[in-house]
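Thanks, everyone, for making the time this morning.

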Number of protein chains: 4
Amino acid sequence: MNVGYVGLGKMGSGIVRNLLRAGNKVVVYNRSREKAEAVVKDGARLADSPAEAAANAEVVMTMLSDDYATEQVVFGDNGVASGLKQDSIHVSNSTISSALAVRLMKEHHQRGQGYLSAPVFGRPEAAEAKKLIVAVAGERALIEQVRPLLDAIGRKTVVTGSEAWQANALKLCGNFMIASMVETFGEAFTVIRKSGMNHHMFFEVMNELFGSPVYANYGGAIATEKYEPAGFALRLGLKDTRLVLEAAGEVAAPMPFASVIRDHFLSAIANGQEDLDWCSIAKVSARNAGLK
Amino acid sequence: MNVGYVGLGKMGSGIVRNLLRAGNKVVVYNRSREKAEAVVKDGARLADSPAEAAANAEVVMTMLSDDYATEQVVFGDNGVASGLKQDSIHVSNSTISSALAVRLMKEHHQRGQGYLSAPVFGRPEAAEAKKLIVAVAGERALIEQVRPLLDAIGRKTVVTGSEAWQANALKLCGNFMIASMVETFGEAFTVIRKSGMNHHMFFEVMNELFGSPVYANYGGAIATEKYEPAGFALRLGLKDTRLVLEAAGEVAAPMPFASVIRDHFLSAIANGQEDLDWCSIAKVSARNAGLK
Amino acid sequence: MNVGYVGLGKMGSGIVRNLLRAGNKVVVYNRSREKAEAVVKDGARLADSPAEAAANAEVVMTMLSDDYATEQVVFGDNGVASGLKQDSIHVSNSTISSALAVRLMKEHHQRGQGYLSAPVFGRPEAAEAKKLIVAVAGERALIEQVRPLLDAIGRKTVVTGSEAWQANALKLCGNFMIASMVETFGEAFTVIRKSGMNHHMFFEVMNELFGSPVYANYGGAIATEKYEPAGFALRLGLKDTRLVLEAAGEVAAPMPFASVIRDHFLSAIANGQEDLDWCSIAKVSARNAGLK
Amino acid sequence: MNVGYVGLGKMGSGIVRNLLRAGNKVVVYNRSREKAEAVVKDGARLADSPAEAAANAEVVMTMLSDDYATEQVVFGDNGVASGLKQDSIHVSNSTISSALAVRLMKEHHQRGQGYLSAPVFGRPEAAEAKKLIVAVAGERALIEQVRPLLDAIGRKTVVTGSEAWQANALKLCGNFMIASMVETFGEAFTVIRKSGMNHHMFFEVMNELFGSPVYANYGGAIATEKYEPAGFALRLGLKDTRLVLEAAGEVAAPMPFASVIRDHFLSAIANGQEDLDWCSIAKVSARNAGLK
């Protein structure tokens, strides 16, 4: 298939490589050119603008860091929307707000273009290793058209709803599940340490108890305080927590855990942790208990 | 080894069977006699009091539902403490307060008896299947003496500290980790449902993401609202949350997540859920968002 | 002075009457005409659009329910911004976001118009009785120009900062102080009632203890469950809580109390309380404890 | 009347002086003798034990810092209970747990002695100036007997219930109302300061808005960071918060605000604030936002 891809950060680069491996032709664009060049070596062709990346594509995919960047890339000068042909499809892999997904749906529709939300679960390593979980939502016929691409970048594709924004709400809830686990580790480790016990031993017990690679990954990072380089920056974790609270607010659902997480991310940022990995939220619990 | 065992609920019965399978002689006591009879068929001998269960034992183990029951069984008339010989060891498998563990240590010590805390992780099925994780703390020499028994009842034995109460604090932190996961599912399912999505599908995605039997077990129970019969009653979940907040309070560690969990357990109890499984705390999030 | 006033709800009408009493000429506009007619009887002149209300004014004041309404009235067709002369001043009395205040400042400035934020504290009765507290921020020279008007509508005018948005942040913090008091009453009344005591008696003791008209007002309303007609609707209370969390988020300040209030307002809305007075948030605490 | 008084801290001393002023004969006891000597100069007679202070009293009153001290003084060697005559009445002014009040009621009853809980609202200055609010509960006939004493020490006596423990639950709820106000100030001041505004000005506006001496007192102390000497020590504030959570837990009432307060008191203690005034909880919000 002819595919455009815009946004070549840690996640996007891995995804593009898997699209290439599956035999697709991929035209890429990235604001800073160096990041694009790595995937060009792997076979992608480089475009000069999002519009150009979209111009000959049946499907153009985007992976940007937030709502603002997505709006710029899609609706800005030489943006994806202006370049994409009628009946071609924009698939957004970014973790963006439900509200923006609603707008993307509407504006692409007005231009005769298709739109799907297909955010992904997994860290950069998983993107590289084709181990992402892809949560897609939107019109069923469009989903079937792009399914080969989604199957090419992840280990599992799940259809989450018939309206695109639903996939975004689901993705935000999934990130909340992870953030909540991380905060939980932070609180427990603090009690363990202040009780004179070895928190590595506690991590070992929890690892045995939960038997989950996600617990192993995050629990291990927190236990060893390995917060750099950030797999997912804390300021992005705050962004996602704001978005899940917003999405929950729209359907009148209280989320007391998400509120605690938001407060702790803010405290982390007030203490200079915005560029550390988001699991460094654990430092907030430690600090609040006077550790270190 | 000659072992006494007091407390034959869902957990204790499974443990006793594994002690018997490992070739130990086990004398058991339970307040209500019927429960004791099942394990008698499996080869245990029945005693008329905790003291009698302890009388000839090198090691007497107890598995009671809370601090109050433990105090009655150990220090009450014909209690374990009055029956146990000098140099014999009391191993408490119960989830009790750190404070009571300190008292047990002290009082057994004064009588020339040994004491260890060895609470366990796992539900009744895990007790039956010798899949518990045993977290033991106390004097190292005593631990080595009872290790064959601990290895006989679980899949892994972890030494958590040199003071008995530390194992109790750790067990409470572990239960908090589980309660926190359950509350997280409750909040996320609520947003998913109110957003018009299928929460079974969300559970499937999370199951894939976390790949943990604990998530599969609890997430599945919540998704299908299977809260009876209770593997672990909600009122006991509240008890443990109170105890972890107390243990954290003693070392001046805030636990905002545990506070939310406590509030939600109280709300559940105010709504008649005390005998449902503790994962029915998820109903509180649903109710607070006006579901059902 | 020649004054324009846009927005004649419960608050605006009282304010306009006080502007008239102080001898000002007031041209008013309100979307629904009936509300405007009451103040016309008191001497105001009626305009056909916000622009017309602003056209001959030295100062145009606005009191709208939220950001959206303010944006429509100011920047929409025949809006305030298009009608206001150069060097005339727009004074916003509304409780709006700091972010919108920043935008108002910027856009009026570009048109050569002045802008001040001057939100007010007080319920409709206080507006009528000239008992508002006016919190104004912006350029000092402009404040001195409009001070006679501010003094005419309230019992006290406080200059809160040199940047207009600061008054909005302060107003949101003040509303948070009140919301927090209301939530506190809700939690305490619930414990009192469930302990078999008379919550009117508790209210009497607190009234004596705090000696505050605000406690008397809100505590009395909650004790007697008088939630209609709403002096300030609960959905507006939620709006303000979202805005204070947003304002606090921008300066990286956690607000755990505001988070609890947000969650309880959402639960209230999920239970159909959006048009009740915001102090009906107390029903959430009662419901969570199984009362009624 | 012949009155015994045990506990001559800042509160007890002021109360005793008012009992003396009202013409009562007062025999006092305090663990550290110096504090007792001040009131001896004012006309009180000094006893050598709590029992002796109670021996000839129609009414013995106690004002101790917590449950533990109260238990020691009442049930310890030469305690109040052993000295008090049949039909004489013990009136507890202390802020103690509902649970201890239940026990005091029961044990005095068994000895043929009367018992009332009569905790008081007000700081040391209010005790001195006879401005306390006295919340009494218990048997109506006993209350009428001691009413002249209660009226002698405060500005208002309120009968809160027919069971003694109810007055204690009510007092804890009242202290929660104050703690909640203090936490609210802490969060708001932090946002104000981080927004570049003067928090003294914000305090002035709130003072005007609420018009309450309690707000003036605490808000002023927080604004000027005057936390020493402590009118009421932070560790006692934590104690009361624990007790109100316990009392609320017994009637299955969630108290999310009290939970936040508990967490912040713990954080304060972890940072060495246990002997500062309890309103120094405001430092926690400031610290969590990176101030200072």
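I will go from the domains of one chain, to a contact between two chains, and then to a single residue. Please keep in mind throughout that this is a predicted model.

Let me begin with chain A, for which the domain assignment gives domain 1, residues 2-162, and domain 2, residues 169-288. The centres of these two domains of chain A, taken over C-alpha atoms, are separated by 28 Å, and where they meet, 11 residues of domain 1 are in contact with 14 residues of domain 2. On the domain 1 side of that contact, the residues divide into 4 nonpolar, 5 polar and 2 charged.

Turning now to chains C and D, we find 54 residues of chain D in contact with 54 residues of chain C. On the chain D side, at least two residues each are supplied by several elements, including the strands β8 (132-137) and β9 (154-161) and the helices α9 (164-194) and α10 (199-210). Helix α9 of chain D gives the most to this side, with 17 residues, and the side as a whole divides into 35 nonpolar, 13 polar and 6 charged residues.

From B:H200, B:G220 is 20 residues away in sequence, and the two lie 8.2 Å apart in space, C-alpha to C-alpha.

Notes. Residues are numbered from 1 along each chain as its sequence is written. Chains are lettered from A and ligands numbered from 1 in the order in which they are written. This is a predicted model: local features need pLDDT of at least 70, side-chain atom pairs count only at pLDDT 80 or more; totals for chains, interfaces and linings use all residues. Two residues are in contact if their C-beta atoms, placed from the backbone, lie within 7 Å. Helices (H or I, at least four residues) and strands (E, at least two) are DSSP runs, numbered from the N terminus. Ala, Val, Leu, Ile, Met, Phe, Trp, Tyr, Cys and Pro count as nonpolar, Asp, Glu, Lys and Arg as charged, and the others, Gly among them, as polar. Domain bounds come from an automatic or database domain assignment.
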